[in-house]
Structure formats: structure tokens, C-alpha cells
Amino acid sequence: MATNEKPAYELNYTAEERKLAQHIIGLEKSALDKWFKGDTSGYEQLWSKHSFTYFDAVVEKRVDDHATIAEFLKTIDGKLHADSYDFRNPRVQIGKDMAVLTYQLFADTNLIDMEYNCIEVYQKEEDGVWRVIHSTWSFIRPMEKNFGKTKDIV
């Protein structure tokens, strides 16, 4: 695909859907920009306080509310940093007042090398703001990962 061509799925977008897809991607990138500067507030604000669930490759069971994830975020605030990240192949699928964003995330952080498949389910809440009601971060091809390797913190 040439760099100026749109992915095939975008050909069916209306102008309004295209604008919404760009908005959703922008929300996610804004949270990631903060995340890799050690600031967890982007996700803390993006994730719904009303209805939220979370799966991550490093947790044993689903997180079922915003309060629990907010407590977790406090434990890593200021600790995770990366000079850059690679946000690949974003796709937004849109329904009535809901949207699903999927993408791959790559980053060489001070703590771990991140290679994730990310799924963010957005919902337009009563206040008109789009927030994530479900988030899943799973390792890309986990059978090829060396989970025993961690980086030293200086």
C-alpha cells in the first residue's frame, strides 16, 4: 500500500466516522505520550470511572473497576520511561456510541521491552466524552518471549 492510500476498511467510513476514528486515535496517543514520560494520568483520565475492566498479560485476573486500576497506576507513576514508541496499524471500528481501537505498541522502556497487541473499547459517556470501558494489553507472540529478562533500574 502506498503511503497516501487509506487501508481498505477506511474506504467505508463516512466523513463523520473518519473524524471520530482520528479523535479516538488522538486520545490514545495523548495518553501514551504521557505514559512514556512516566505520567500515568493520561490513562487514569481516559479510562471510565463509571464502567471499566482491564486485562494485561502480567495480571492473573481481570481488573473490574477504575478504583483498582487507579491504585495500580499510583505504584508505577513516574517509573516507566521511553524516548519513543511505535504505534502501529491502528484501526477503529465504530458502532453506535461505541468504538473499538486495536493497534500494536512497541517501546524499549527503562523497565521492559514492550511488544503488545492493544484493544481499547471506547464508549461515549453521558457527558459526551469518549472514554475506555475495557482495555486489554496482550503480548505479541508470547511463545517467543524471554520473560526472565528484566532491565536494571538505575
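Visitor: Where is Tyr116 found?
Guide: Tyr116 is found in strand E4, which covers residues 113–124. The model shown here is a predicted one.

Visitor: What makes Tyr116 count as buried?
Guide: Its relative accessibility is 5%. Buried means under 20%, so Tyr116 counts as buried.

Visitor: Which residues does Tyr116 touch, leaving aside those up to four places away in sequence?
Guide: Tyr116 touches Asp56, Ala57, Tyr103, Gln104, Leu105, Trp137, Ser138, Phe139 and Ile140. A contact here means heavy atoms within 4.5 Å.

Visitor: How many residues apart along the chain are Tyr116 and Trp137, and what separates their C-alpha atoms?
Guide: Tyr116 and Trp137 are 21 residues apart along the chain, and their C-alpha atoms are separated by 6.0 Å.

Visitor: Which residues form one aromatic cluster with Tyr116?
Guide: The cluster consists of Trp35, Tyr43, Trp47, Phe52, Tyr54, Tyr116, Trp137 and Phe139.

Visitor: How many aromatic pairs are there?
Guide: The count comes to 10 aromatic pairs. A pair of aromatic rings is described by the distance of the centres and the angle of the planes.

Visitor: Why is the pair of Trp47 and Phe52 called stacked?
Guide: The ring centres of Trp47 and Phe52 are 5.1 Å apart, and their planes stand at 25°. Centres within 6.5 Å make a pair, and planes under 30 degrees apart count as stacked. The pair of Trp47 and Phe52 is therefore stacked. Both residues, Trp47 and Phe52, are buried.

Visitor: What makes the pair of Trp35 and Tyr43 edge-to-face?
Guide: Trp35 and Tyr43 lie 5.6 Å centre to centre, with 85° between the planes. An angle over 60 degrees counts as edge-to-face, and the pair of Trp35 and Tyr43 is edge-to-face. Trp35 and Tyr43 are both buried.

Visitor: Which residue lies over the face of Phe106?
Guide: Arg88 lies over that face, at 3.8 Å from the ring centre of Phe106. The cut-off for this distance is within 6 Å.

Visitor: Why is Asn89 called exposed?
Guide: Asn89 has a relative accessible area of 59%. Exposed means over 50%, so Asn89 is exposed. Asn89 lies in strand E2, residues 86–95. Its phi is positive, about 50°, although Asn89 is not a glycine.

Visitor: Why does Asp97 count as partly exposed?
Guide: The relative accessibility of Asp97 is 37%. Buried means under 20% and exposed over 50%, with partly exposed in between, so Asp97 counts as partly exposed. Asp97 is placed in the loop between E2 and strand E3 (98–108). Asp97 is not a glycine either, yet has a positive phi of about 55°.

Visitor: Which residues line the second largest pocket?
Guide: Asp97 is one of them, along with Glu16, Glu17, Lys19, Leu20, His23, Ile94, Gly95, Lys124 and Trp130. Helix H1 (15–35) and E2 are the elements that give two or more residues to the lining. The largest share, five residues, comes from H1. The volume of this pocket is about 160 Å³.

Visitor: What of the protein as a whole: how many helices and strands does it have?
Guide: The protein has three helices and five strands. From the N terminus on, its elements run α-α-β-α-β-β-β-β. Of its 154 residues, 36% count as buried. The accessible surface comes to about 9700 Å², and 51% of that belongs to carbon and sulfur atoms.

Conventions
Residues are numbered from 1 along each chain as its sequence is written. This is a predicted model: local features need pLDDT of at least 70, side-chain atom pairs count only at pLDDT 80 or more; totals for chains, interfaces and linings use all residues. Side-chain values use heavy atoms; hydrogens and water are left out. Helices (H or I, at least four residues) and strands (E, at least two) are DSSP runs, numbered from the N terminus. Buried means under 20% relative accessible area, exposed over 50%, partly exposed in between (1.4 Å probe, protein chains only). Accessible areas come from the Shrake-Rupley method with a 1.4 Å probe; for residues, only the protein chains shown count as cover. Rings of Phe, Tyr and Trp (its six-membered ring) pair if their centres lie within 6.5 Å; planes under 30 degrees apart count as stacked, over 60 as edge-to-face and the rest as tilted. A charge sits over a ring if NZ of Lys or CZ of Arg is within 6 Å of the ring centre and within 35 degrees of the ring normal. On a 1 Å grid over the protein atoms alone, a cavity is a set of points where a 1.4 Å probe fits but cannot get out, and a pocket is an open set with protein on both sides within 12 Å along at least five of seven lines; lining residues have an atom within 4 Å of a point. Grid points are joined across faces, edges and corners, and a volume is the space filled by probe spheres set on the points.
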